[in-house]
Amino acid sequence: MEGLHILAEFRQCHADEELMRSSGALEQLCLSACQEAGLTVVGKLFHVFGTPEAPLGATGAVILAESHLAVHTWPERQAVTFDLYVCNFSRDNRAAAESVYDRLLRAFQPENSHRRDVWRGG
């Protein structure tokens with residue numbers, strides 16, 4: 001159970017509007033970020049709030065063999081919250097966690113961000 005848990009909030013995001021409102025766009029970003037970091041996706045669930053004609057925001061979770069990524073968009077506040085936990089059972093996954101974090105940071109383009117790292121276990 002030892003590993004890095006990143007809790008983050010992005011504010012004043014300048015992301016593409018589709019990314020902030022579309023569960024499909026959010027899913028694509030999250031899956032590609034995890035896969036490019038070398039993490040193993042074993043499940044996923046994404047949901048859009050509002051209607052297809054007037055989407056309000058999106059939320060999603062990616063279940064990883066190494067643990068999970070959960071992301072929530074708040075387009076009306078230009079904000080994103082997420083948490084990413086990677087355990088280190090078979091290898092040190094801190095670099096993979098940093099890679100996912102950096103990918104989300106580049107995608108959402110926040111003016112302000114707040115990050116808390118929690119080292120779990122050990």
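Trainee: What makes E4 and E5 a hairpin, and how many residues lie between them?

Mentor: E4 and E5 form a hairpin with four residues between them. Glutamine 78 sits in the turn, with a positive phi of about 50°. Strands here are DSSP runs of E, at least two residues long; helices are runs of H or I, at least four long, and both are numbered from the N terminus. One caution: this is a predicted model, so local features need pLDDT of at least 70 and side-chain atom pairs count only at pLDDT 80 or more, while totals for chains, interfaces and linings use all residues. Residues are numbered from 1 along each chain as its sequence is written, and side-chain values use heavy atoms, with hydrogens and water left out.

Trainee: How do you know that E4 and E5 pair?

Mentor: Two strands pair if DSSP finds at least two bridges between them. E4 and E5 have eight, in the antiparallel sense. Histidine 72 has threonine 81 in E5 as its bridge partner. E1 and E5 also pair in the antiparallel sense, over eight bridges. There, glutamate 9 stands opposite threonine 81.

Trainee: Why is E5 called mostly covered?

Mentor: Eight of its nine residues are buried. Buried means under 20% relative accessible area, exposed means over 50%, and partly exposed is in between (1.4 Å probe, protein chains only).

Trainee: Why is asparagine 93 called buried?

Mentor: Its relative accessible area is 2%. The limit is under 20%, so asparagine 93 is buried. Asparagine 93 is found in the loop between E5 and H3. It touches Leu39, Glu66, Val86, Cys87 and Asn88, not counting residues up to four places away in sequence. Contact means heavy atoms within 4.5 Å.

Trainee: What makes a set of residues a nonpolar core, and which members touch the most others?

Mentor: A nonpolar core is a set of buried Ala, Val, Leu, Ile, Met, Phe, Trp, Tyr and Cys residues joined through side-chain atoms within 4.5 Å. The largest one here has 34 residues. Phe10, Leu69, Phe82, Val100, Leu104 and Phe108 touch the most other members. Elements that give two or more residues to this core include strand E1 (3-13), helix H2 (23-36), strand E5 (79-87) and helix H3 (94-108). Leucine 69 touches, among others, Cys30, Cys34, Phe82, Val100 and Leu104.

Trainee: How do you know that the span of H2 is close to the expected one?

Mentor: The expected span is 1.5 Å times one less than the number of residues. H2 has 14 residues and reaches 20 Å from its first C-alpha to its last.

Trainee: Why is H2 called largely enclosed?

Mentor: 10 of its 14 residues are buried, so the rest of the structure largely encloses H2. Among them are Leu26, Leu29, Cys30 and Cys34. The buried residues pack against H1, strand E2 (41-50), E3, E4 and H3.

Trainee: What makes serine 22 a cap for H2?

Mentor: A side-chain oxygen of serine 22 lies 3.2 Å from the backbone nitrogen of glycine 24, at the N-terminal end of H2. A polar contact is a pair of N or O atoms within 3.5 Å; within protein, one must be able to donate a hydrogen and the other to accept it, and residues adjacent in sequence count only if both atoms are side-chain atoms. After H2 comes glycine 38, whose phi is positive, near 85°.

Trainee: Why is the pair of lysine 44 and glutamate 27 called a salt bridge?

Mentor: A salt bridge is a side-chain nitrogen of Lys or Arg within 4 Å of a carboxyl oxygen of Asp or Glu. Lysine 44 and glutamate 27 meet at 2.4 Å, N to O. Lysine 44 lies in strand E2 and glutamate 27 in helix H2, so the pair ties together parts that are 17 residues apart in sequence.

Trainee: How do you know that glutamate 36 and arginine 103 form a salt bridge?

Mentor: Their side chains meet at 2.8 Å, N to O, and the limit is 4 Å. The pair links distant parts of the chain, helix H2 and helix H3, 67 residues apart. Glutamate 36 has a relative accessible area of 59%, so it is exposed.
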